[in-house]
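I opened the model today to look up two things. The entries are in the order in which I checked them.

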Number of protein chains: 2
Amino acid sequence: MTIKLLIMSKITDKNTDITLENPEIIRSAAISKALGHPARIAILKILAQQKTCFCGDITGIIPLAQSTVSQHLKVLKTAGLIIGTVEGVNTCYCLNPDGVKELHNLLSELSTELVINCC
Amino acid sequence: MTIKLLIMSKITDKNTDITLENPEIIRSAAISKALGHPARIAILKILAQQKTCFCGDITGIIPLAQSTVSQHLKVLKTAGLIIGTVEGVNTCYCLNPDGVKELHNLLSELSTELVINCC
DNA sequence: TTTATTAATCGTAATTATACGATGAATGGA
DNA sequence: TCCATTCATCGTATAATTACGATTAATAAA
């Protein structure tokens with residue numbers, strides 16, 4: 001086995017081994033955690049439906065205080081699932097394509113792995 | 001519109017409307033929350049790989065105290081993602097097919113909705 | 001019967017999450 | 001310039017999460 005292949009297998013191992021240090025597992029958990037509140041799923045769905053919207057729009061739709069909505073938006077932003085752009089006095093939020101793609105890839109990979117190997 | 005259709009449309013609305021009371025959103029968030037920790041994703045992957053295993057096996061693989069693993073197993077069980085069967089002094093855990101299917105359906109539906117409508 | 005093993009639960013401590021109102025910075029309009 | 005609007009952040013209270021060791025109940029083995 002060449003050194004290159006050895007390194008490749010190590011990289012592969014790192015992403016397939018079931019370890020708490022596995023970056024795929026860590027990232028999947030982080031994304032799932034961000035999805036782990038009804039308000040945040042609702043926000044993502046609103047952004048998917050309306051493409052872009054202001055923080056105030058969301059506050060109008062979801063019956064939570066403005067500060068609470070802002071906190072949820074921060075969680076989604078920190079998780080890389082949305083992007084916020086300041087437009088004058090408003091902040092325009094939209095889905096982050098990269099984050100959403102990652103979400104889709106990681107979660108469909110995981111859920112497929114689970115359904116296939118379901119007892 | 002007949003009464004039946006009216007009722008059907010109401011049921012449909014209940015599952016498509018973006019509300020914090022929408023059962024699909026609530027369930028998706030609950031499942032995501034259960035996935036929201038690396039240890040729990042690792043446990044699910046172990047169960048997918050080994051089909052069934054005892055609590056002690058998992059404790060051997062994941063570097064966490066037995067009580068902590070037991071707590072994570074409880075979270076997954078409460079979320080309906082795994083099943084635990086007492087076998088003598090051991091408890092045999094396996095994936096819950098119904099829960100895993102629900103996970104797969106809800107999360108792929110959500111992630112597809114998000115990727116399709118990504119800016 | 002006594003002892004060992006397994007795994008759930010209890011008790012506890014530290015951290016994180018969730019919600020709200022209040023405050024403050026930035027911008028737009030009067 | 002002054003006021004209104006928007007939204008992030010602060011302060012804060014409460015609840016939930018995460019981790020651990022200790023304990024307990026149930027079963028298996030000696």
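I am working from a predicted model, in which local features need pLDDT of at least 70, side-chain atom pairs count only at pLDDT 80 or more, and totals for chains, interfaces and linings use all residues. Residues are numbered from 1 along each chain as its sequence is written, while chains are lettered from A and ligands numbered from 1 in the order in which they are written.

Entry one, DNA. I found 23 residues around DNA strand C, taking a residue as near if its C-beta atom, placed from the backbone, lies within 6 Å of the strand. Among the closest are A:Ser67 and B:Ser67. Two or more residues each come from α5 (66–78) of chain A and from α4 (55–61), α5 (66–78) and β3 (90–95) of chain B. Helices (H or I, at least four residues) and strands (E, at least two) are DSSP runs, numbered from the N terminus. I noted that α5(B) gives the largest share, five residues.

Entry two, the chain contact. I get 40 residues from chain A and 40 residues from chain B, with contact meaning C-beta atoms, placed from the backbone, within 7 Å. On the side of chain A that touches chain B, α6(A) gives the largest share, twelve residues.

Conventions: Two residues are in contact if their C-beta atoms, placed from the backbone, lie within 7 Å.
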